[in-house]
Amino acid sequence: MTTQHSTAPAPNALQSRALRDTLGQFATGVTVVTTCDASGAPLGMTVNSFNSVSLDPPLILWSIDKQSLGYQAFTRQPYFAVHILKADQQQVSNLFAGRGADKFGQVRWHMGPEQGPQQVPILDHCAAYFHCRLSNCVEGGDHTILLGEVLNFNAEGGEPLVFHRGSYRTLSADD
């Protein structure tokens, strides 16, 4: 196994690209995280930095770029949902990865799963979703790590959408 690393304090553009390409060797699932902004309008973004943390208590995490348009909403609103996308939802990933556009006008969704102030937009027909209460925000360089307590979850199942080396991928069958 070959391992190289740089100890340079501030990476230049070439080092940043090389680091990004190296990180891309790790295959990730693709998620869309949703919440409501301060006015109650639905807000969502594509995220692949999702991970489980703990079963007891039930905790998950994801991270958001501090320059993201939704940064203020996601780090200040008390509830959010993480949706694990299915292999056939690449267009949903692309939609929520982009800026502008009426994203929620182009997908099927509903408010839920609770009533009242805990409600967040829930995307229909995803492999799974986790409805969470924001537990903590941890500074991490140019990103903030959001820790969420899982309040509710649902698994519809299906093959997940996978991202590896800058492209969407499919899993090969195990049978």
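Phe163 stands opposite Tyr168 of strand E12 in this predicted model, and the strand E11 (residues 162-164) is joined to E12 by three bridges, the two running antiparallel. Together with E1, these strands form an open sheet of three strands, in the order E1-E11-E12 and with antiparallel pairing. Because strand E1 (28-29) and E12 each have a single partner strand, they stand at the edges, and one side of each is left without a neighbour in the sheet.

Strand E12 (167-169) is also one of the elements against which the buried residues of helix H3 pack, the others being strand E2 (31-36), strand E3 (42-47) and strand E8 (120-123). In H3 (residues 90-97), the buried residues are Val92, Ser93, Leu95 and Phe96. They lie on the same side of H3, because they cover an arc of only 165° around the axis, whereas the face turned away from that buried side carries the exposed residues Gln91 and Ala97.

The largest nonpolar core has 15 residues, and those with the most contacts inside it are Val33, Ile60, Trp62, Ile64, Phe74 and Phe80. Each of the elements tabulated here, as well as E3, supplies at least two residues of this core.

| Element | Residues |
|---|---|
| strand E5 | 58-65 |
| helix H2 | 71-76 |
| strand E6 | 79-84 |
| strand E9 | 128-140 |
| strand E10 | 143-155 |

A second, separate core of eleven residues includes Val30, Phe96, Val107 and Leu123. Not counting residues up to four places away in sequence, Phe80 touches a set of residues that includes Val33, Ile60, Trp62, Val120, Phe130, Cys132, Leu134 and Gly148.

Definitions and conventions
Residues numbered from 1 in each chain as written. Predicted model: local features only at pLDDT ≥ 70, side-chain atom pairs only at ≥ 80, totals over all residues. Heavy atoms only, no water. Buried < 20%, exposed > 50% of the residue type's maximum accessible area, 1.4 Å probe, protein only. Helix = DSSP H or I, 4+ residues; strand = E, 2+ residues; numbered from the N terminus. Arc of directions from axis to C-beta. Contact = heavy atoms within 4.5 Å. Core = buried A, V, L, I, M, F, W, Y, C linked by side-chain atoms within 4.5 Å. Pairing = 2+ DSSP bridges.
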